[in-house]
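Welcome, and please open your viewer before reading on. We will select a few places one after another and look at what is there.

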Amino acid sequence: MYALLVLAALFFLVPVYLLFATALKSPDAINLATTWHWPAALNWASFSEAWAKIGGNVLNSLFLAVTATILSALLGSLNGYALSKWKFRGANTLFALMLFGMFIPYQAVLIPLFQFIKSLGLYGSIWGLILAHVVYGIPITTLIFRNFYADVPDALIEAATIDGAGFWQIYGRVIFPISIPGFVVVIIWQFTQVWNEFLFAATLTNTTSQPVTYALSQLAGGQAVSWNLPMAGAILAALPTLLVYILLGRYFVRGLLAGSVKG
């Protein structure tokens with residue numbers, strides 16, 4: 001079994017090898033005949049050149065992904081709390097309508113979304129892109145938190161209510177402190193989705209607010225492409241999401257499965 005897993009891992013790491021091998025070559029050493037060859041001399045300048053071109057876009061993506069992830073996670077947590085512990089008429093219908101938003105492709109709402117963002121005066125700014133990702137992230141974050149909170153004993157809510165706590169006091173003092181596993185799942189999921197998204201980035205921003213995914217497409221533009229630059233840029237752009245998985249990955253499955261088994 002371990003031998004098969006090692007072979008599978010090596011197979012999936014082949015593109016990563018090509019990524020590093022090409023990024024570390026000088027432009028004149030990149031050709032079809034030497035595609036699989038490791039460079040004889042390592043050209044680390046590719047990374048500094050790529051950073052000079054996309055460094056500002058990486059910072060844009062960091063601000064975009066962190067802000068959109070935090071906002072959508074908080075809104076999803078509040079929605080999940082209200083829909084699972086504060087039953088009201090039409091709650092199930094409202095939840096179904098929220099979930100319907102998960103199945104609407106980006107392309108179907110691109111034109112009305114563009115017009116809406118423009119009418120708010122946010123077109124071309126990073127805040128318009130943040131708004132789009134927050135709204136699009138609410139369905140999946142609400143689903144994750146609703147399933148997570150469904151396993152929280154109702155006795156906790158009842159005890160807090162007897163003590164005189166209201167909606168916000170119960171959320172802040174009872175629900176939020178035990179929500180860390182759910183937040184880990186949502187942060188990893190939403191951060192990755194926002195960071196890797198391209199369509200909204202290409203249509204809702206201008207040159208000063210474009211995230212790194214759009215900047216990477218420009219590195220490979222033109223007829224004569226120095227392939228070491230887009231490969232180095234891709235490595236730099238992948239580092240933040242890789243760090244998120246390294247730091248929080250062990251909590252991901254634990255949080256994802258929370259509430260899936262009933263005692």
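Select Phe 88 to begin: this residue sits in the loop between α2 and α3 (91–100). Helices here are DSSP runs of H or I with at least four residues, strands are runs of E with at least two, and both are numbered from the N terminus. Phe 88 has a relative accessible area of 39%, so Phe 88 is partly exposed. On this scale, buried means under 20% relative accessible area, exposed means over 50%, and partly exposed is in between (1.4 Å probe, protein chains only).

Now show what surrounds Phe 88. Not counting residues up to four places away in sequence, Phe 88 touches Ala 82, Leu 83 and Leu 94; contact means heavy atoms within 4.5 Å. Then draw a distance from Phe 88 to Asn 228: their C-alpha atoms are separated by 57 Å, and the two residues are 140 residues apart along the chain.

A word on what you are viewing: this is a predicted model, in which local features need pLDDT of at least 70, side-chain atom pairs count only at pLDDT 80 or more, and totals for chains, interfaces and linings use all residues. Residues are numbered from 1 along each chain as its sequence is written, and side-chain values use heavy atoms, with hydrogens and water left out.

**Zoom out to the chain**

Color by secondary structure. How many helices and strands are there in the chain? There are 11 helices and zero strands, and along the sequence the pattern reads α-α-α-α-α-α-α-α-α-α-α. The C-alpha trace spans about 75 × 55 × 30 Å along its principal axes. Of the 263 residues in the chain, 39% are buried. Among contacts between residues at least 6 apart in sequence, 74% join residues at least 24 apart.

Next, color residues 1–42 as domain 1 and residues 53–261 as domain 2; these bounds come from an automatic or database domain assignment. The C-alpha centres of the two domains lie 33 Å apart. At their meeting place, seven residues of domain 1 are in contact with seven residues of domain 2.

**Helix α2 and helix α7**

Select residues 45–85 for helix α2 and residues 167–175 for helix α7. Two packed helices are described by the angle between their axes and the distance between the axes. Here the angle is about 110 degrees and the axes are 12 Å apart. Axes are lines fitted to C-alpha atoms, for helices over the stretch in contact, and angles run from 0 to 180 degrees between N-to-C directions. The helices α2 and α7 are therefore roughly perpendicular to each other, a label for angles of 65 to 115 degrees (under 35 is roughly parallel, over 145 roughly antiparallel, and the rest oblique).

Show the side chains at this contact. From α2 come Leu 74, Ser 77, Leu 78, Tyr 81 and Ala 82, while α7 brings Phe 167, Trp 168, Ile 170, Tyr 171 and Ile 175. By class, the contact has nine nonpolar, one polar and no charged residues. Ala, Val, Leu, Ile, Met, Phe, Trp, Tyr, Cys and Pro count as nonpolar, Asp, Glu, Lys and Arg as charged, and the others, Gly among them, as polar.

Stay on helix α2 and pick Ile 70. Is Ile 70 buried or partly exposed? At 47% relative accessibility, Ile 70 is partly exposed.

**Stops on helix α5**

Helix α5 covers residues 126–149, and Phe 148 lies in this helix. Phe 148 is buried, with a relative accessible area of 10%.

Leaving aside neighbours within four places in sequence, Thr 142 is in contact with Gly 76, Asn 79, Gly 80, Leu 83, Phe 95 and Met 98.

Go to Gln 190 in helix α8 (residues 180–196). Gln 190 is buried, with a relative accessible area of 4%. The side chain of Gln 190 reaches the backbone oxygen of His 133 at 3.4 Å.

Finish at Leu 204 in helix α9 (residues 199–204). Leu 204 is buried, and the relative accessible area is 0%. Beyond neighbours within four places in sequence, the contacts of Leu 204 include Leu 113, Phe 114 and Tyr 123.

Terms used:
Polar contact = N/O pair within 3.5 Å; in protein donor to acceptor, adjacent residues only side chain to side chain.
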